[in-house]
Amino acid sequence: MTAESPCFTQLEHLRQYIYQILCDKEQLEPGVFPMTERVIVRAQDPCGIYFCLHGPRSVKCTAIWETDTNTILFYGASGERFLRTQLSSASALQVAA
């Protein structure tokens with residue numbers, strides 16, 4: 001499934017969007033569970049961010065923002081991809097190394 005093309009100008013708004021989608025998918029209460037992130041590096045250059053929502057009983061839901069294609073791929077607790085979001089613009093977003 002592909003979602004509409006949201007536009008984010010701040011990395012914090014992107015984080016909130018990803019957090020909300022992952023919580024909705026697994027029916028988790030927003031604000032209760034932590035989300036971690038790591039910069040993905042290819043050939044020593046940042047190329048994306050890996051987000052992981054840590055739910056109850058070791059449940060983990062993930063999302064990957066690919067900066068090259070400006071796409072977010074969402075994965076459920078069982079590892080299946082359930083959503084692909086093509087961002088319309090993220091020119092102001094920068095991957096922090």
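Mentor: A salt bridge is a side-chain nitrogen of Lys or Arg within 4 Å of a carboxyl oxygen of Asp or Glu. This is a predicted model, where local features need pLDDT of at least 70, side-chain atom pairs count only at pLDDT 80 or more, and totals for chains, interfaces and linings use all residues. Residues are numbered from 1 along each chain as its sequence is written, and side-chain values use heavy atoms, with hydrogens and water left out.

Trainee: What makes R15 and E12 a salt bridge?

Mentor: Their side chains come to 3.3 Å, N to O. The cut-off is 4 Å, so the pair qualifies. R15 and E12 are three residues apart in helix α1, which means about one helical turn separates them. Helices (H or I, at least four residues) and strands (E, at least two) are DSSP runs, numbered from the N terminus.

Trainee: Why is R15 called partly exposed?

Mentor: Its relative accessibility is 23%. Buried means under 20%, exposed means over 50%, and partly exposed lies in between (1.4 Å probe, protein chains only). R15 therefore counts as partly exposed. E12, at 39%, is partly exposed too. Salt bridges with shared partners link E12, R15 and E37 into one network.

Trainee: How many salt bridges does a search of the whole structure find?

Mentor: Four. One of them joins K25 and E80, with the closest N and O atoms 3.7 Å apart. K25 lies in helix α1 and E80 in the loop between β5 and β6, so this pair ties together parts that are 55 residues apart in sequence.

Trainee: What does the salt bridge of D68 and R42 tie together?

Mentor: The D68 and R42 side chains meet at 2.7 Å, N to O. D68 sits in the loop between β4 and β5, and R42 in strand β2, so the bridge links parts 26 residues apart in sequence. D68 has 56% relative accessibility, so D68 counts as exposed. R42 has 52%, so R42 is exposed as well.

Trainee: How do you know that β3 and β4 pair?

Mentor: Two strands pair if DSSP finds at least two bridges between them. Strand β3 (residues 45-54) and strand β4 (residues 60-66) have seven, and they run antiparallel. Opposite I49 stands W65 in β4. Strand β5 (residues 71-75) also pairs with β4 in the antiparallel sense, over five bridges. There, A63 stands opposite F74 in β5. Four residues lie between β4 and β5 in their hairpin, and N70 in the turn has a positive phi of about 55°.

Trainee: Why is T71 called buried?

Mentor: T71 has 1% relative accessibility, so T71 counts as buried. T71 is in strand β5. A polar contact of 3.1 Å joins the side chains of T71 and T69. The limit is 3.5 Å for a pair of N or O atoms; within protein, one must be able to donate a hydrogen and the other to accept it, and residues adjacent in sequence count only if both atoms are side-chain atoms.

Trainee: What makes a set of residues a nonpolar core?

Mentor: Its members are buried Ala, Val, Leu, Ile, Met, Phe, Trp, Tyr and Cys residues joined through side-chain atoms within 4.5 Å. The largest one here has 22 residues. L14, I18, L22, L53, W65, I72 and F74 touch the most other members. Helix α1 gives the most to this core, with eight residues.
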